[in-house]
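Morning, everyone. I'll take a few minutes on charged pairs and nonpolar packing. Here it is.

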Amino acid sequence: MRKGANGMKDFPALFPKSVSARGILVFLSLSFMVFSSAVLDHGSILTQESFLLQGKNLISVSIESYKRADGWVPVGLSLGEIELMLWMDEGGQVKERKRRDFRSLFSLDPAAQEMSIGGTVIPLELRGKSAVRMRLRPLEDTIPVTMSIKNSDNRLSFIIGDSELELDLVRVEYVNTSQKIREIRFEGSVARMEDCLLLLDESGKVYAADRLSEPADFSEARIWAERKE
């Protein structure tokens, strides 16, 4: 390495002398853009797992009118076998807690038989009504539902159609049952499973199973969801 005219050492040239300063600047800019895109893509993979629920008629709503108290009514939102225990205020806003300062997850209009999530209105049909409760479900039986788990804080959210329903009070716990199987559990009182276990295998399939077995046997289980790429 030789010394330059100012007495400082010259470093080997990174670009041929025929390349202009403008060309070098364009090259560096494009390189930075490619690098940034790769980092973002890699980060999205690391920070979130998403699973598309399988089957039809995945969504149902139960309004427990007989438990009304102080203007609040319990509402059960079922997504597959996951039941979310929520509260609806007098204005039809559904929240995780019966508190005015809690964020609204979605709104319900039982009279009009409509559910609104993120500005998207979902028409509902009446499935049963009595003095104690009203049961509804979407008219469309193929609305896609995706379960997303943020690995940074294990927070749970659902994508219903094109709208996100993000929960503040539910956390997901992965429990290793073997080297290849993890059980998905929900922490908190808002979410619960309806009489089955969710078991995730190494291929990204989530099975709804009645019990744990060792070694894992999914011959009598069904695929509840599959990981989205």
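Predicted model: local features only at pLDDT ≥ 70, side-chain atom pairs only at ≥ 80, totals over all residues.

I'll go through the salt bridges, then the cores.

Salt bridges, then. How many does a search of the whole structure find? The count is 15.

Take Glu-83 and Arg-192. They form one of these bridges, and their closest N and O atoms are 3.2 Å apart. Look at where the two partners sit. Glu-83 is in strand β4, residues 82-88, and Arg-192 is in strand β14, residues 191-193. That is 109 residues apart in sequence, so the pair ties those parts together.

Are the two ends buried or exposed? Start with Glu-83: buried or exposed? Glu-83 has 15% relative accessibility, so it counts as buried, the cut-off being under 20%. Arg-192 comes out at 44%, so it is partly exposed, falling between the 20% and 50% limits.

Now Arg-155. Another is Glu-166, at 3.7 Å, N to O. The Glu-166 pair links distant parts of the chain. Arg-155 belongs to strand β11, residues 155-160, while Glu-166 belongs to strand β12, residues 163-176. The separation there is 11 residues.

Accessibility for this group, quickly. Asp-153 is partly exposed, with a relative accessible area of 32%. Arg-155 is partly exposed at 22%. Glu-166 is partly exposed too, at 21%.

These pairs belong to a wider set. Which residues are linked in that network of salt bridges? They are Arg-103, Lys-150, Asp-153, Arg-155, Glu-166 and Asp-168.

On to the nonpolar side. The largest nonpolar core has 47 residues. Which of them touch the most other members? Leu-77, Leu-84, Phe-106, Leu-108, Met-147, Phe-158 and Phe-186. By element, strand β12 gives the most to this core, with 5 residues.

Let me zoom in on Leu-77. Leaving aside residues up to four places away in sequence, Leu-77 touches a list that includes Ile-59, Val-61, Ile-82, Leu-84, Leu-86, Phe-106, Met-115 and Leu-165. Ser-60 is also among its contacts.

Last item. Another core lies apart from the largest one. It has 5 residues, among them Ile-181, Leu-199, Ala-209 and Phe-218.

That's my tour. Over to you for questions.

Notes:
Residues numbered from 1 in each chain as written. Heavy atoms only, no water. Salt bridge = Lys/Arg side-chain N within 4 Å of Asp/Glu carboxyl O. Helix = DSSP H or I, 4+ residues; strand = E, 2+ residues; numbered from the N terminus. Buried < 20%, exposed > 50% of the residue type's maximum accessible area, 1.4 Å probe, protein only. Core = buried A, V, L, I, M, F, W, Y, C linked by side-chain atoms within 4.5 Å. Contact = heavy atoms within 4.5 Å.
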